[in-house]
Amino acid sequence: MEIMTFGFNFETTYRQLSPHFYTETEPEKSSSPEMLLFNTGLALSLGLEASALNSPEGAEVLSGNKIVGETPIAMAYAGHQFGSFTRLGDGRAVLLGEHVHAGQRYDIQLKGSGRTKYSRSGDGRAPLGPMLREYVVSEAMHALRIPTTRSLAVTLTGDTVRRETMQKSAVLTRVASSHLRAGTFQYAIIESEEAAKELADYAIERHYPDFADKENKYELFLEAVVHAQSYLIAKWQSIGFIHGVMNTDNMAISGETIDYGPCAFMDYYDPKTVYSSIDVQGRYQFRNQPGIAQWNLAKFAETLLPLLNENQEKAIEIAQEKLDNYKDLYQAYWLSDMVNKIGIPTPEESDVALVLDLLEIMEEEALDYTSTFRALSLGNIESIKVKDEEKLNGWLSRWKSALGEKDQSLEDAHMLMINTNPAVIPRNHLVEEALFYAEKTDDLSKVKKLVEVLETPFDDSHDEYYKRPPNEEEMIRNTFCGT
C-alpha cells in the first residue's frame, strides 16, 4: 500500500556529501504510536497537510514506523563536551529528510527514535518528559522572537525506557534550518582537509548562497557565523535563558538555539545561576554564556584554517580578526536588547551604566528578572519590593531623565517595553509541574495549556498563576538532561 506523504516534499541534499558524514538508519519500531502534541500552526506554515498528519497514520510516520521517502540518516559529528573533545553523532536521532517549501529548506528530524551507529552507552530512546520539555521551551523561544529549532510533534511510542525508573518513551519531531553544528566541522577536519572543504562548501550553498562565488567565501562564512552567534547569545542574555550544555556539538551554525536539555529561565537575577545538575563546575552558568560562545566559535574557526589561507599564519590572522569582532558585536546586540527593555529604542554609550546599575540593584535585592522588567513596563513600580528604596528611586530618577534627554516620552517608552519584556515565560516550576502531571496521570491538559499561554508571551491577560515568580517551595534549583 502506498504511504501518504502528508505534504512532505523531501529533497535531502545532505546525502550528496561523502558517506562518512552520515549513516542510513532505520528508526526502531514503536509498538503503538500515539500523537500526544501536534503543532498545527507550524505544520500549516510548512505547507503540510496538518489535519491528516495529526492522526494515527501521521503518528506512524512521526514515530518512525513508516518512512516517507528515502531511508533516514543519522549524522556524524564531534564536539567539545565540557571542554573535552570526543567523537559523537546522532545517537538517538535520525533525519527524515529536508522538506522544501516556498523556497525554504527545513530539516525534519526524529529525536528519540532508537539506537544508531553513533550511539554510545544509551538506548537511543528518549523518555516522555524531556521530549515534552523541548516542545514547550522551543515553542516558547519562538514566540519570544529568539532564533530556535522548533517542535512539530511529540509521539508516544507505547514502549518504555529505563532511567532511574522505567519511563514511557516518546519521539520528538524537530524542525531546523539545518543540523549543521560547530561539531560537524570538528568531525570533518579530523577526517581530512578535503572533508572540511566539502562540508564548508555545502554549508555556504545551503545557508549563505550569496557567498558561493566569492573568492573569500570561507572568510565571509566565518564572519556570518560569528554574527549569528553574537546575535543569538545576546538574545539569551536579555531574556534570562540558560542553555545549560553549551558544548560545541550544541552550537548550530545557523544561529538557532538547539538541543534543549537541562535548559531553564532564570527567576531571581543572579549572574552565577546554574541549573544543570551535570554542570558541577559552573562552566555554563548565565554570566559565562557570552564567553563560552566565543570559545566555541574559536574551535569552529580552527576547522576552517586550511580554507582561509594556504599560509597558516595568515589564516590564523584572518580567523583571529573575525573572532575579535565577536565581543563588539555581542556587546552591541546585547546593549540594543537591554535598552529596549527600559524603553530606549536606540542605545548610546551612556546607557551602559544605566542598564548595569539596574542589574546591580536586581542582583543585590534578589529581584525576579522577568517580573521586574514587566513591572517597569507597566509602570507598576510599587510592586517592586526592595530593601534599599533610596537606591531604586535614584535609578528611576536617572532613567526618567535619560528618557527626557532623548525626547522619549514615558508613554512611548512603556509601549516599547511592553512589547519587549514578556509577561510570561516557561518558568521552571510551571514546566516541571506540567510534565510531572503528564507523566504520572497521562493527562496532557496542563502541558497543552502552558503551550497555549506561552504562544502569546507579551499578553497581560493571562492568569496570575502563569505570571508570578515561584515561591520558595516551588523553586527549581536543578534541571536534568533526562534523555
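Guide: The largest cavity in this predicted model has a volume of about 90 Å³. The model being predicted, local features are reported for residues with pLDDT of at least 70.

Visitor: How many cavities of 30 Å³ or more does the structure hold?

Guide: The structure holds four cavities of that volume or above.

Visitor: Which residues lie nearest the centre of the largest cavity?

Guide: Its lining comprises 14 residues, and those nearest the centre are Q229, W236, M246, N250 and M251. Helix α7 supplies the largest share of this lining, namely four residues.

Visitor: What is the lining of the largest cavity by class?

Guide: Seven of the lining residues are nonpolar, six are polar and one is charged.

Visitor: Let us turn to aromatic rings. How is a pair of aromatic rings described?

Guide: One gives the distance between the centres and the angle between the planes. In this structure there are 20 aromatic pairs. For F185 and F221, the ring centres are 5.8 Å apart and the planes stand at 45 degrees, so this pair is classed as tilted.

Visitor: Where in the chain do F185 and F221 lie?

Guide: F185 belongs to helix α5 (residues 182-191) and F221 to helix α7 (residues 217-239). The two are 36 residues apart, and their pair thus links distant parts of the chain.

Visitor: Is F185 buried or exposed, and is F221 buried or exposed?

Guide: Buried means under 20% relative accessible area. F185 has 1% relative accessibility and therefore counts as buried. F221, at 0% relative accessibility, counts as buried.

Visitor: Which residues form one aromatic cluster with F185 and F221?

Guide: Y208, F211 and F300 form one aromatic cluster with F185 and F221.

Visitor: Which residue lies over the face of F373, and which lies over the face of Y437?

Guide: K341 lies over the face of F373, at 4.4 Å from the ring centre. Over the face of Y437 one finds K446, at 5.2 Å from the ring centre.

Visitor: A single residue may also be examined. In which helix is N428 found, and is N428 buried or exposed?

Guide: N428 is found in helix α14, which spans residues 428-441. Its relative accessibility is 2%, so N428 counts as buried.

Visitor: Leaving aside neighbours within four places in sequence, which residues are in contact with N428?

Guide: With those neighbours left aside, N428 is in contact with A264, F265, D267, Y275 and I476. As for W295, which is 133 residues from N428 along the chain, the C-alpha atoms of the two are separated by 28 Å.

Definitions and conventions:
Residues are numbered from 1 along each chain as its sequence is written. This is a predicted model: local features need pLDDT of at least 70, side-chain atom pairs count only at pLDDT 80 or more; totals for chains, interfaces and linings use all residues. Side-chain values use heavy atoms; hydrogens and water are left out. Rings of Phe, Tyr and Trp (its six-membered ring) pair if their centres lie within 6.5 Å; planes under 30 degrees apart count as stacked, over 60 as edge-to-face and the rest as tilted. Buried means under 20% relative accessible area, exposed over 50%, partly exposed in between (1.4 Å probe, protein chains only). A charge sits over a ring if NZ of Lys or CZ of Arg is within 6 Å of the ring centre and within 35 degrees of the ring normal. On a 1 Å grid over the protein atoms alone, a cavity is a set of points where a 1.4 Å probe fits but cannot get out, and a pocket is an open set with protein on both sides within 12 Å along at least five of seven lines; lining residues have an atom within 4 Å of a point. Grid points are joined across faces, edges and corners, and a volume is the space filled by probe spheres set on the points. Ala, Val, Leu, Ile, Met, Phe, Trp, Tyr, Cys and Pro count as nonpolar, Asp, Glu, Lys and Arg as charged, and the others, Gly among them, as polar. Contact means heavy atoms within 4.5 Å.
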